Amino acid sequence: MKDMMKVAMAIMATTAMPTQLWAQSANATAKPGKWTDASLPVEERATALVDAMTPAEQASLTQSTVGASLLDLGVALPSFIPESMRIPKPAGSIGTAGYVRAIPRVDFPALHLADASLGVADIGYLRPGQQSTALPSTLSLAATFDPAQARAAGDLIGREAFAKGINVMLAGGVNLAREPRNGRNFEYLGEDPLLGGRLVGEQIAGIQQHHVAATIKHFAVNPQESGRFVYDARLSDAALRESDLLAFEIGIKAGRPASVMCAYNKVNGAYACENPYLLRDVLKGDWNYPGWVMSDWGAVHSLKPSIDAGLDQQSPQDVNYFDGIENAVAAGELKAGQVREMALRIVRSMIAVGALDHRAVPGGTIDREAHSAKAQAMAEAGIVLLKNDGVLPLAKTARRIAVIGRTAAIGVPIGGGSSQVIPWGGVHRDAPDQASLTALLAPSYTRGAPLKALQAAMPGATVTFDDGSDPARAAAAAKAADIAIVYAVKPEVEGVDHADLSLPAGQDALIDAVAGANRRTVVVLETGNPVTMPWLGKVGAVMEAWFAGQRGGEAIAAILTGASAPQGRLPISFPAGTDQLPHKTVTGYDPAKQRPLGIGVTYDPFPIDYVEGSDIGYRWYEKTGAKPLFPFGYGLTYTSFAYTGLSKADGAALTVKARITNTGKREGTEVAQLYVAPPGRTHRLAGWAKVTLKPGETREVTIAADPWLLLSYDDGAKQWVRPAGDYRFFVGKSAGEPVLTGTATLTAATQARSR
Ligand code: BGC
């Protein structure tokens, strides 16, 4: 008590708060102030509200606790489970990854922070029994190349969150795919900053239109799971600004997320959550970001350095550095104004998204049918046809179809880890003891068998099933059929990277055997990453269906039968092998340490030198002259397209026009992509147009190069520059398939600050 008095008095001495606030009891209800007036500007309301809070109330906003308890599982918890996950569920929490108590005195709502990369997450213990729409993986969303789909995904997430009483979403993830063996690429939007940035912006805006805050993450350069708590990502300012940071920058400007989550790892020597360059100079400085920075779960290493660098809210972890805030203010190490500013950022964002005026309350209704249908449409739009020797769409005359692959009779994979959703209809976990803790982190599937969906879509055919456990038996089944379809999976779980790019569990050998018995073999890949395909030359068709979500089986069947036409394009290059990658192995990879969520494993700190700089993915292939298996942007359709009539307008900007004609016999969708190479640099995606055309139809598309992609960052001058000169460009079907090429002459420009 004495200590508390001392603290309070010291705070009084250093704070600019009106002194009468100190006289208020924390339990008394404050007179509703300006902040309740929705007609006033956000800034004015936020200031009034934060200034009506006591310093202790302000400080309370700067820390979240776990909003659920593993204790509720009723199973023995292994020793590696951290203390922060053993506490009982806090009163008032509805069971989420993070929880901040309400401040009833000023009617500020509790914050319920839940993951939502692929739908409103529940890893299994947070809100037991609670299901949501399982969206296709975020990588699949990127494959749509369609901002409207990203908006729809966000809209669905926001709507479901609001109906569940959740008001802060820990989505969207936009770490660029520097590492195709990264266990979390399924949660992100691929390797390109423009594609990722534009889509994440739409996803965020979609969430926030439901008065639910969104969180862009993980800021920044968190492209692998191995050693994620300790590695130091090293790359130049220019490389950062042109790649990983650019994706965030575009997404933040477009989507205005309420919050930014700083990453676990270090960037150029400093942990991301206490990195003055990332948080203070770039995010809050150059970009003028008004929202709040929250840490990843367990990413905080200090109090003062973190706050001075720009961290506003500590998320749950065993060591609660931010417990020390009030003492630090009392001791003069932190200024009360800093704490007020942290709280202000949180309050401001919550007001800006409308979370004060529209309170999320559990028990709202969700139209499962409509949402499942949307998830299916997203999955169909994201499926990428990689090879087709005329086997697809499945001929109406195909009478005997052999479906091969164990999981085809179960469901489609859903990603594991914090983002896991329990789909409508429940989850299948590949674990012997479903009630165990390890089951929660085991590879998981929807309960919607692709086999059943195919049978329903082809009522006239005889569809047989073989689980693929014996390649010779599967080959015999394939031989007896007109067509064989192998459903091949590679599950992903947060915390676990892969040693290589191959399909696990003998599936390469299985496909090889099946294709050897029947050339009309279709491989349906359900992966969260690129894979190699040693059997590619032997099979008739390949499609990448990713983790296809709630109605993934139906979506796959629709593309197979041709009820829906493939339109997805690769948002990530498919390498021919790991020898083509800038990092031949995942830096620091240790097979013994691939533990879900990385819980219970320790690594010695190590650096990762990103030698590729901003030349990620397709840009690396161009630089090194390597030919990937399938390039970024690649994807076939059931028709064909011709490009003609290129024209350009250049000077201070670049806009190109081209005429696209559907030269085939079916309606189809083309994604015409514009790539531009500044003098001496590799080509970058600068824009694209997605058009659906009937057979014989021609449409002129106009693609304006995003001005930001014409600029490069000058490390010396610390500014964005567009040198005058000739910029080679092409409009094409992918990064590796230029169709119409040209050169634009651009004038010089500089830009000191961000837009
Ligand atoms: C992940 C974050 C997630 C958080 C809360 C962490 O393990 O890295 O993406 O939002 O957990 O569940």
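**Notes on a predicted two-domain model**

1. Between domain 1 and domain 2, about 1400 Å² of area is buried, and carbon and sulfur atoms give 60% of that. If you wonder why an area is quoted here, the size of an interface is often given as the accessible area lost when the parts come together. Please keep in mind throughout that this is a predicted model.

2. Where do the two domains sit in the chain? The domain assignment places domain 1 at 5-352 and domain 2 at 639-751. Their contact takes 16 residues from domain 1 and 16 residues from domain 2. As for spacing, the C-alpha centres of domain 1 and domain 2 are 36 Å apart.

3. Next, look at the polar side of this interface. Six residue pairs are in polar contact across it, with both partners at pLDDT 80 or more. The largest share, four residues, comes from H8. Sorted by class, this side of domain 1 has seven nonpolar, two polar and seven charged residues.

4. Charged pairs deserve a point of their own. Side chains of opposite charge can pair when their charged atoms come close. Between domain 1 and domain 2 the count is three salt bridges. A pair to look up is Arg-198 with Asp-706, whose side chains form a salt bridge at 3.6 Å, N to O.

5. Now step back to the whole structure, which holds 42 salt bridges. In one of them, the side chains of Asp-51 and Arg-340 meet at 2.6 Å, N to O.

6. How many residues surround the ligand? The number is 13, and the closest are Asp-115, Arg-184, His-218, Asp-296 and Glu-494. The side chain of Asp-115 has an N or O atom 2.4 Å from an oxygen atom of the ligand. For His-218, a side-chain N or O atom is 2.6 Å from a ligand oxygen. Glu-494 places a polar side-chain atom 2.7 Å from an oxygen atom of the ligand.

7. Phe-219 and Ala-220 are joined by a cis peptide bond, with omega about 5°. You will find Ala-220 in the loop between strand S4 (213-219) and strand S5 (232-234). The bond from Leu-392 to Pro-393 is cis as well, and its omega is near -5°. Pro-393 is part of the loop between strand S10 (384-388) and strand S11 (400-404).

8. Finally, another backbone angle to check. Is the phi of Asn-288 positive or negative? Phi is near 55° for Asn-288, a positive value in a residue other than glycine. Asn-288 lies in the loop that runs between helix H10 (276-286) and strand S9 (292-295).

Notes:
Residues are numbered from 1 along each chain as its sequence is written. This is a predicted model: local features need pLDDT of at least 70, side-chain atom pairs count only at pLDDT 80 or more; totals for chains, interfaces and linings use all residues. Side-chain values use heavy atoms; hydrogens and water are left out. Domain bounds come from an automatic or database domain assignment. Contact means heavy atoms within 4.5 Å. Buried area is the accessible area (1.4 Å probe) that two parts lose on being put together, summed over both. A salt bridge is a side-chain nitrogen of Lys or Arg within 4 Å of a carboxyl oxygen of Asp or Glu. A polar contact is a pair of N or O atoms within 3.5 Å; within protein, one must be able to donate a hydrogen and the other to accept it, and residues adjacent in sequence count only if both atoms are side-chain atoms. Helices (H or I, at least four residues) and strands (E, at least two) are DSSP runs, numbered from the N terminus. Ala, Val, Leu, Ile, Met, Phe, Trp, Tyr, Cys and Pro count as nonpolar, Asp, Glu, Lys and Arg as charged, and the others, Gly among them, as polar. A residue is near a molecule or strand if one of its heavy atoms lies within 4 Å of it.
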